[in-house]
Amino acid sequence: MIFLFNILMILLVVVRRFKIGLGLKTPSPDFWAPVGQLTFSMDAEDKVNLLAHIVPRFGSENSDQNVALETFITGLKPTIAVVKSKCNELSDADATLVASELAASELLVPGRSTKEEFAAWIGELTDEELMDYAKARKSVREEASAELRTMKEEREAEKKRLEDTKKKFEEQVEKARKERTMVFNEKTGKMEEITK
Amino acid sequence: MSVLELGAAEKSYLPDGIKLGRHVGVGLNKGLMDKNPALSETIVADLNNVVEEMGVDSDELNQLGSDTFDVILIANTIEFLTQPREVFKSCWRALKPGGIMMVAFPEREALKEKFGDAQTKMWRGYNDDQHMWMAGSFFQFSAGDGWEGLKGFDISPESAKKEDEGLLARFSNTGKSNNMFVCQATKASVSEEIDPNDPEKSFSSLMWMTPTMESRDKLLVTPRLSRVYLHYKDQPARQKAIQENVETLPSIYEALIKMDQFAFPFNLQATLAADLLSDPDFEANDKQMEALKMGKKSNSIP
């Protein structure tokens, strides 16, 4: 019985360490849990972009930075609500994207906007201005996709050019081998005529 | 000229009359190395005692420093290395940029009788041609493009019996089984500064020895970093942050590789890594890494 109990305890410890090792930490209920819930509808790429903005703000020795993180998380939900109410035609994902990026750019970095300043600014933005922002934001991805397509085409063209050059070179070498009349004799160190 | 010889013993097989400024031998047997007149210094180290991703686990060897030697020789030793990739990593670090590493090994049967048991199982199972490919792959998989001019040579005497001669020819050839082969490469230079005309190449060189990341990850991150770098062409502080933050990539990937690869594909991981590096506040400190893990878990990313 004691043996089984010991085995069970060891297994529990192993599972716990395994979870820690995997980095599967429970999201902190005061920050990451609401971020996850509020941005659930966003595209994966946009979530990655937001995460890249948030993560570097942690671990700062500047106390204002911690305040900024708190301001961001308390301001995110109302910002999303304001954007959604002003822009009915935006999808849930796009409205969340606009709201989260505006909040991230203004609230996450200390010294840019206070919660009150940001709330006043968001309140004054017209639906047209918000739609323009959404349009501009979406065009970034479209431009990036176009850029990527161009880069791939250029790389393919360069690859083909190199392959063609190599093929041409190999054909020249083959032709020279077939048509040559002289050959270097390593033993004598001289060029000699090929006798056919 | 300074030479580091791994697997050193009582003889270095160098041509007579060569004067070397420094010739450090690294081997298992100090008694044998002391008999070798070519060696100016000796270090006793087990080349099979390694630290993954770091190289040979020897303080004395590591204290020789980086970019120290003009030439590294490994003769009649590669067949006994159980973790050659790590040994080659140590060699790459110790070699000066432009320095050459030469790995010489005899034909399969040469040392079989005397040291067959010590040869690795993989080495014993392959023929000489395959050994050449293996030696080349050890270079490739230790530092990738950090090695240049990878070449293989058959330096066997003309009279040597060839393994691929065919049965009849081998019986009729009375020559000795003393074929010898060399695989060599030179160390490429790491970019000190990012070349604005070819940042991709510069970033790639900074990642040659980056642990944790797979070659696939390096291939995905490099163009993204270059793009971000060029995007901030008017912000030198951002560009500097990107260059300095390359060393944080192992920490990022340490966290990322434990995530669900299907839900969080490699290209998105590379995008996230490149974006994090471009932030001057990012230094991969404990809180940031914890935030990264929790951000993933909270569905902030898929």
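Reader: Which residue stands opposite B:D154 in β9(B)?
Author: B:D154 stands opposite B:F181 in that strand. Strands here are DSSP runs of E with at least two residues, helices are runs of H or I with at least four, and both are numbered from the N terminus. The model is a predicted one, in which local features need pLDDT of at least 70 and side-chain atom pairs count only at pLDDT 80 or more, while totals for chains, interfaces and linings use all residues. Residues are numbered from 1 along each chain as its sequence is written, and chains are lettered from A and ligands numbered from 1 in the order in which they are written.

Reader: How many bridges join β8(B) to β9 of chain B?
Author: Six bridges join them, and the two strands run antiparallel. Strands count as paired if DSSP finds at least two bridges between them. In β9(B), B:T186 is the bridge partner of B:E148.

Reader: And in what sense do β7(B) and β9(B) pair?
Author: β7(B) and β9(B) pair in the antiparallel sense, over seven bridges. There, B:M102 has B:Q184 in β9(B) as its bridge partner.

Reader: What is the order of strands in the sheet?
Author: The order is β3-β2-β1-β6-β7-β9-β8 in chain B, an open sheet of seven strands with mixed pairing. At the edges are β3 (41-44) and β8 (147-154) of chain B, each pairing on one side only. From one strand to the next, the twist averages 15°.

Reader: Which strands does helix α3 of chain B touch?
Author: Helix α3 (residues 84-94) of chain B packs on the sheet and touches β1 (2-6), β6 (69-75), β7 (95-106) and β9 of chain B. Contact requires C-beta atoms, placed from the backbone, within 7 Å. The direction of α3 makes about 140° with that of β7(B); such angles run from 0 to 180 degrees between N-to-C directions, with axes fitted to C-alpha atoms, for helices over the stretch in contact.

Reader: Where does helix α6 of chain B lie?
Author: Helix α6 (residues 128-143) of chain B lies across β7, β8 and β9 of chain B, at about 15° to β9(B). B:D129 is found in this helix. B:D129 and B:D154 are 25 residues apart in sequence and 9.7 Å apart in space, C-alpha to C-alpha.

Reader: Why is B:D129 classed as partly exposed?
Author: B:D129 is partly exposed because 13 other C-beta atoms lie within 10 Å. A residue is buried with 20 or more other C-beta atoms within 10 Å of its own, exposed with 12 or fewer, and partly exposed in between, C-beta atoms being placed from the backbone.

Reader: Changing topic, which residues touch the most other members of the largest nonpolar core?
Author: They are A:V55, A:F72, A:V98, B:I252, B:A273 and B:L276, in a core of 55 residues. A nonpolar core is a set of buried Ala, Val, Leu, Ile, Met, Phe, Trp, Tyr and Cys residues joined through C-beta atoms within 7 Å. Apart from it lies another core, of 36 residues, including B:V24 and B:F105.

Reader: What about chain A, how many helices and strands are there?
Author: Chain A has seven helices and two strands. Of its 196 residues, 23% count as buried.

Key
Two residues are in contact if their C-beta atoms, placed from the backbone, lie within 7 Å.
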